[in-house]
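The sequence and the model come next.

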Amino acid sequence: MTKKRPQTSAFPERLQRPRLYVQLADHIARFIEAQGLSPGDRLPPERLLAAELGVSRASLSRALVALEVQGKVEVQHGNGAVILEPMTDDGPSPAALWAGRDPVEIARAREAVMAGLARSAARHPDRSLRLALLDADGSPVRFSDTWRCLRRLTGPCLLAELDDLLAEAAPLEDDRVQADRLALLARAVVAGDADAAASACSGLFLV
């Protein structure tokens with residue numbers, strides 16, 4: 001008797017498209033290199049640059065923030081984006097920096113970032129989406145599922161990217177989450193209580 005092969009989806013996995021501001025940041029970085037801009041040089045004013053690139057000023061601002069985090073530019077109030085000295089590869093990698101940190105410190109840092117995300121999720125206008133944080137009986141789903149739903153409510157933002165970095169530095173399993181704090185978090189977001197949702201993130205993890 002031959003074994004049946006397990007059924008697989010007829011469709012390939014959905015392609016992950018880079019976010020617009022990420023593409024935009026890469027485009028500006030290539031422009032800086034192609035133009036041979038030196039440290040101290042300035043990019044065109046944001047209004048002009050956004051018009052030339054055909055993007056909104058909001059998207060351009062996020063791209064400049066991404067470049068600032070990468071150490072390629074410094075956005076100065078009144079002066080625009082100033083080119084910085086290229087960073088060398090001699091310093092420690094981010095992984096090495098995380099490796100030297102106390103896990104408790106990383107967990108508390110992530111809780112602080114999560115508090116901002118929880119506050120944003122609680123303010124999402126569609127309550128039906130927020131209800132996905134709770135099971136049919138009103139209890140919260142496990143942390144990994146709860147946080148995935150919450151992140152869908154917040155959408156892409158700088159805090160979400162910081163949360164991803166901290167999650168890579170100190171992965172946290174479901175059994176290391178305080179069940180009572182998770183319940184407070186989920187119910188506060190569903191109720192639209194931003195302050196309570198942020199407070200629930202404090203002490204969320206067992207460390």
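Ala, Val, Leu, Ile, Met, Phe, Trp, Tyr, Cys and Pro count as nonpolar, Asp, Glu, Lys and Arg as charged, and the others, Gly among them, as polar. The model is predicted: local features need pLDDT of at least 70 and side-chain atom pairs count only at pLDDT 80 or more, while totals for chains, interfaces and linings use all residues. Residues are numbered from 1 along each chain as its sequence is written, and side-chain values use heavy atoms, with hydrogens and water left out.

On a 1 Å grid over the protein atoms alone, a cavity is a set of points where a 1.4 Å probe fits but cannot get out; a pocket is an open set with protein on both sides within 12 Å along at least five of seven lines; lining residues have an atom within 4 Å of a point. A volume is the space filled by probe spheres set on the points, which are joined across faces, edges and corners. Helices (H or I, at least four residues) and strands (E, at least two) are DSSP runs, numbered from the N terminus.

One cavity of 30 Å³ or more is counted. Leu43, Pro44, Pro45, Glu46, Leu49, Leu64, Gly80 and Ala81 form the lining of the largest cavity, and by class these are six nonpolar, one polar and one charged. Helix H2 (46–53) and strand S2 (80–83) supply at least two lining residues each.

| Space | Volume |
|---|---|
| Largest cavity | About 30 Å³ |
| Largest pocket | About 430 Å³ |
| Second largest pocket | About 340 Å³ |

Of the 16 residues that line the largest pocket, Val69, Leu158, Glu161, Leu162 and Leu165 lie nearest its centre. Helix H8 (158–169) is one of the elements that give at least two residues to this lining, and H8 gives the most, with six. The lining has 12 nonpolar, one polar and three charged residues.

The second largest pocket has 14 lining residues, with Trp147, Arg148, Arg151, Asp163 and Asp164 nearest its centre. Helix H7 (143–154) and H8 each give two or more of them. H7 gives the most, with six.

In contact (heavy atoms within 4.5 Å), Phe143, Thr146, Trp147, Leu150 and Leu153 of H7 meet Leu182, Leu185 and Val189 of H9. Seven of these residues are nonpolar, one is polar and none is charged.
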